[in-house]
Amino acid sequence: MTKLVYTFGEGQAEGRARNHDVLGGKGANLAEMCSLGLPVPPGFTIIADACSDYYAAGKRIDTVLKEEIRRGLETIEASTGRRFGAKDRPLLLSVRSGARTSMPGMMDTVLNLGLNDETVQALGHDAGDARFAWDSYRRFIQMYADVVMGLDHEIFEEILEDQKARLGHEFDTELTATDWQHVVLLYKELIEEELGEEFPQDPEEQLWGAVGAVFSSWMSPRAVTYRQLHNIPGTWGTAVNIQAMVFGNLGNSSATGVAFTRNPSTGEKSLYGEFLVNAQGEDVVAGIRTPQSITEEGRINSGSDRPSLEKLMPEAFAELTRICAELEAHFRDMQDIEFTIERGKLWMLQTRSGKRSTKAAMKIAVDMVDEKLITEEQAVLRIEPSTLDQLLHPTIDPRVQGQVIGSGLPASPGAATGEIVFTAEEAVEAQEEGRKVILLRVETSPEDIHGMHAAEGILTTRGGMTSHAAVVARGMGIPCVVGAGTMRIDLRNERLIGMGVTLKKGDVITIDGSSGHVLKGEVPMIQPELSGDFGRIMGWADRVRRMRVRTNADTPADARAARAFGAEGIGLCRTEHMFFEGERIHAMREMILAEDETGRRAALDKLLPMQRLDFTGLFTVMHGLPVTIRLLDPPLHEFLPKTDEEIADVAAAMAMEATALRQRVDALHEFNPMLGHRGCRLAISYPEIVEMQARAIFEAAVAAAQETGAAVVPEIMVPLVGLRSELDYVKERIDTTAKAVMAEGGLKIDYLVGTMIELPRAALRAHKIAEAAEFFSFGTNDLTQTTFGISRDDASAFIPTYQRKGIIEHDPFISLDFEGVGELISLAAERGRRTRNDMKLGICGEHGGDPVSIHFCEEIGLDYVSCSPFRVPIARLAAAQAAINGNQRS
């Protein structure tokens, strides 16, 4: 039978730190500290699997678990010489959560459990301090009523504040035993009045209620949200830690506090933390009293005149300092420690790897390598790749509380402040005048690209994490919030409305693309900085990394930014993005709307020099590194003129009647453009487009090679291929154009032709397609859409509901769906290499910058990942971690 309860105490423990999957992080580390001989109050841990059993049994604690808990209580009683529920020397308990991954503040705690109208008298007699006993009892009633019985703790705070005002007191510590006794009476009357039941007096009933409440808090809204944000599986459950109480509120020789073995903000190697005299743990975080610094250095730096723990309790401080050093050396990481001092004796209540800023994480990892505590590979594993965004973008100063007026999805990280504008043209105009703006759109389209580039940030009320706005903003490194459905954009009156606040054009807002918040006015920010520690970590990462990291870049500016971040080539150049600005879109519209090949070629002749210049710029910047160029792949509706003014302009350029042009536009209308006339289908219908683009690519390769002296080997990618015959047809046009350019220039051009695998049929027939394709690039955005049958632009309407209801754990457009889409990728990779064993394989969808998806790419042996420029460092680090983890498994 599975063991459900693990005990610890008096230097002995049934578990160890390595058992964190079973005991949760807190329980495993309590056991470890106990085994190290540190002063830990005796207790036991209920395993995390019991949480799942609790839900499976209809949120009931079964008799088997109850019996093991009772036996665990007997071990605590033997260690302490106290008995649970006894009228003489009663044992009081703390009941705390403890998931395998730290979720600070997300789940519930109950302290002082076991107190009732009788044991409170015994506690006061035993401690020789009736005030302490009644203070502990009122704390227990308030906490238990909130956590277990569902009464908001604020109601109790109101009673306490009323009593302090009546007595003329400012601080809780000024209340006497009699005062607290009266507060307890008022608390109990409130419970009976609100709930129609008395506060439970049976200690065992209290215990079952607290254990059930901790299990239940695993599914609380805040815990569920935290897990979704940090990719923590809901199936893990939480363990429950039950310990003998030790008291920091037993007079002025007692205290409670939190310490970090290094500064969590800067990474500096110095003890950092706060404490309160004559208090219990929740007082430190509740802000009821101002905490004091642990060290004299901290007190001086904060400008406080209140004594430090170092001065106030030097013996306890010395022991705490020794234990902190021992724990950091033992766990080889910065520790976050909770402690209590009971009448001069130090007790350790928790240790865990401390949360830290990315800047601090970098410094701590590098310093610990220099101190020989960890290896370079271990240092690489210590940095969470997604947190590198903090180093690459401005962030809102966490010390500042701004006025939130709305929220959406955090589509592109970083924070930005500016005046609100409602059109792309207004954004460009403002930039030219030197004004910073936030572009507000219900949803963006490719025609907004010039305004998006001019804006400091982008806010949309529709769309998901892979919508047009999100993808483009990430590529540009611009902060972006999408899908802010709680806000309304009134385009007619140029107003933004959210949470009762109405703003007009020119008013200032701040958006936080890392949290999804929209704030009124200008908010102070912290500017990014890349330290020498960053360079050392990334150098170590690059040494162990197997996969290459390329970038998705459509302009030389994007390419330069990506190279600065360490990109090793371009994995995706989306040529359709090059046609949305200035005269280009007019020529593009003329080409699409032309009624015959002659008209199309005339328009393409205008586009050829533009494309050649674009590609020359990219090849030059990349200086011999691989560049993959995707042939034109636009849903046609994105280019078609929409307004009467636009139709009139195009008609004039084409010497057509506006009515005739309108009819041509209507004839090209598609009911589902994303699955319509695009990609290789467009190339087959209009091969002259392929010929123009191929000529531009080859002529640019020659020009760039002559300018830089570095050989250019273009990789031409044919999009949306589902049939081998489609690729054959398009490849023949590319090869013919290559021969013509080589003949004209009298030189040889090396190049590769491959395809993007973005349709399930292409993945299934990869072995046949590989007979013609020299490389595969997995376009996971469209492959996810076509595998699930979900539009990524509409998915945000129901994906959060799916996650909340446990249908799926992750948004498949953010982290790859390993079981479905992943299996298609794995199958295509295996079948492609079976046909062509030197087949180059990469991924160029949004998943190329997602650390979880990158681990999958490493597992199946892809050669590279490609992502937006500002995600290149994230991908480099994630690829290194994937390689290290893979080597450890093998």
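**Strand pairing, salt bridges and a charged patch**

Strand β6 (residues 93-98) and β8 pair in the antiparallel sense over 6 bridges, where two strands pair if DSSP finds at least two bridges between them. The model is a predicted one, in which local features need pLDDT of at least 70, side-chain atom pairs count only at pLDDT 80 or more, and totals for chains, interfaces and linings use all residues. Residues are numbered from 1 along each chain as its sequence is written, and side-chain values use heavy atoms, with hydrogens and water left out. Helices (H or I, at least four residues) and strands (E, at least two) are DSSP runs numbered from the N terminus.

Strand β8 also pairs with strand β3 (residues 43-46), the two running antiparallel and joined by 4 bridges. V240 of β8 is the bridge partner of S97 and also of I46. Strand β8 (residues 239-244) is mostly covered, with 6 of its 6 residues buried; here buried means under 20% relative accessible area, exposed over 50%, and partly exposed in between (1.4 Å probe, protein chains only).

Turning to charged pairs, the whole structure holds 64 salt bridges, each defined as a side-chain nitrogen of Lys or Arg within 4 Å of a carboxyl oxygen of Asp or Glu. In one of them, D542 meets R876, with the closest N and O atoms 2.6 Å apart. Because D542 lies in helix α20 (residues 532-544) and R876 in helix α35 (residues 872-889), this pair ties together parts that are 334 residues apart in sequence. D542 is partly exposed at 26% relative accessibility, whereas R876 is buried at 10%.

E328 and R262 form another salt bridge (2.8 Å, N to O). This pair links distant parts of the chain, with E328 in helix α13 (residues 314-331) and R262 in the loop between β9 (255-260) and β10 (272-277), 66 residues apart. E328 is buried at 7% relative accessibility, and R262 is buried at 0%.

Finally, a negative surface patch is formed by E189, E192, E193, E194 and E198. Patches are made of residues with over 30% relative accessible area and no salt bridge, with like charges joined within 9 Å and nonpolar side chains (Val, Leu, Ile, Met, Phe, Trp, Tyr) within 5 Å. E189 lies in helix α7 (residues 177-195) and is partly exposed, its relative accessible area being 43%.

Key:
Accessible areas come from the Shrake-Rupley method with a 1.4 Å probe; for residues, only the protein chains shown count as cover. Lys and Arg count as positive and Asp and Glu as negative; His and the chain ends are not counted. The place of a charge is taken as NZ of Lys, CZ of Arg, CG of Asp or CD of Glu.
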